[in-house]
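Thanks for coming. I have one structure to walk through today, and I will keep it brief.

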Amino acid sequence: MNEEVHWDGIAPEYTEEVLNVYEADQKGILKKYIGKYADRNKTATDFGCGIGNGFPILAPAFKQVLGTDISAECLNIAKKRGYKNVQLKKADLTSARLKLPPADFGVCINVLLLPKVDENRKILRNVYKSLKPNASAIFVLPAMESILHTGWSMMEWYKKEGIAVKDIPKHEFSAFKAAKPDLLQGIIDIQGVPTKHYLQTEIEVLFSEAGFKISTIDKIEYAWETEFDHPPEWLKAPYPWDWFVECRKV
């Protein structure tokens, strides 16, 4: 899949098509950690900024913010937000030739999604390269454990309504249509798009390999409405989640 063409196509409907993690984050984890590192004398880079959903939090918190994205159409929308201390740059985060000014702080929200899993390693290495020594960064990554939990919850829902697992409509399992090797690598179909998901233990290994020291792994929790239309009232915690990672360049 051509990522640039894909995201250029989504840009006009980005708000409807792509979850705004900053708004959906039930516990306010992102605001908390951006606040932790906020410094009006320092710089931040938003790696894969999309249409700039993070700018309302990042722009007031830092002297200068650089927003990068592979999609010129997304960047055109982000530019309309009008923050004077935000610069925008079209960039392929998988490119070995990527050169960005080193930042004091980095944000990378649901960008390590590519179905060619080694491409995500390239992004991770480029984020590392684009930070100053000892700089910190926060990441959000799709959780494989959450996908399995959502599937299990869906089956429990059917069972409570008297429908056996074998009789559940096949479309309910459409997320798991990848070949077995891809499934074992966390490739899940999200609205027709093969999307990389991560185990917590996998995150620990990959970030260490890239040179990061992880400080925190937490959950960005979402309402059940992000997974199901009209979820039943009995469906409570644990809620669906993405992994949140706080780390430092060492």
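Predicted model: local features only at pLDDT ≥ 70, side-chain atom pairs only at ≥ 80, totals over all residues.

How many strands does the open sheet have, and in what order? There are seven, and reading across them gives β3-β2-β1-β4-β5-β9-β8. The pairing is mixed. From one strand to the next, the twist averages 20 degrees.

Now look inside the sheet, at β1 and β4. Strand β1 covers residues 39-47 and strand β4 covers residues 103-109. The two run parallel, and three bridges join them.

Next, the helix α7. This helix packs on the sheet and touches β1, β4, β5, β8 and β9. Its direction makes about 145 degrees with that of β5, which is residues 131-142.

Helix α7, residues 117-129, also meets helix α10, residues 200-210. Their axes come within 9 Å and cross at roughly 50 degrees. Are α7 and α10 parallel or oblique to each other? At that angle they are therefore oblique. The crossing of α7 and α10 is right-handed. On the α7 side, the contact is made by R121, L124 and Y128. On the α10 side, L206, F207, E209 and A210 make it. Sorted by class, the contact of α7 with α10 has five nonpolar residues, two charged ones and no polar ones.

On to aromatic rings. A search of the whole structure turns up 11 aromatic pairs. One of them is Y37 with F105, which is stacked, with 5.0 Å centre to centre and 25 degrees between the planes. This pair links distant parts of the chain: Y37 is in helix α4, F105 is in strand β4, and they are 68 residues apart.

Last, two backbone details. In general, most residues other than glycine have a negative phi, and most peptide bonds are trans. Where does N134 lie? N134 is in strand β5, and it has a positive phi of about 70 degrees although it is not a glycine. The other detail is the peptide bond from A237 to P238, which is cis, with omega near 0 degrees. P238 is placed in the loop between β8 and β9.

That is the end of my list.

Definitions and conventions: Residues numbered from 1 in each chain as written. Heavy atoms only, no water. Axes fitted to C-alpha atoms, helices over the stretch in contact; angles between N-to-C directions. Helix = DSSP H or I, 4+ residues; strand = E, 2+ residues; numbered from the N terminus. Parallel < 35°, antiparallel > 145°, perpendicular 65-115°, else oblique. Left-handed = near helix turned anticlockwise from the far one by under 90°. Contact = heavy atoms within 4.5 Å. Nonpolar A, V, L, I, M, F, W, Y, C, P; charged D, E, K, R; others polar. Pairing = 2+ DSSP bridges. Phe/Tyr/Trp six-rings, centres within 6.5 Å; stacked < 30°, edge-to-face > 60°.
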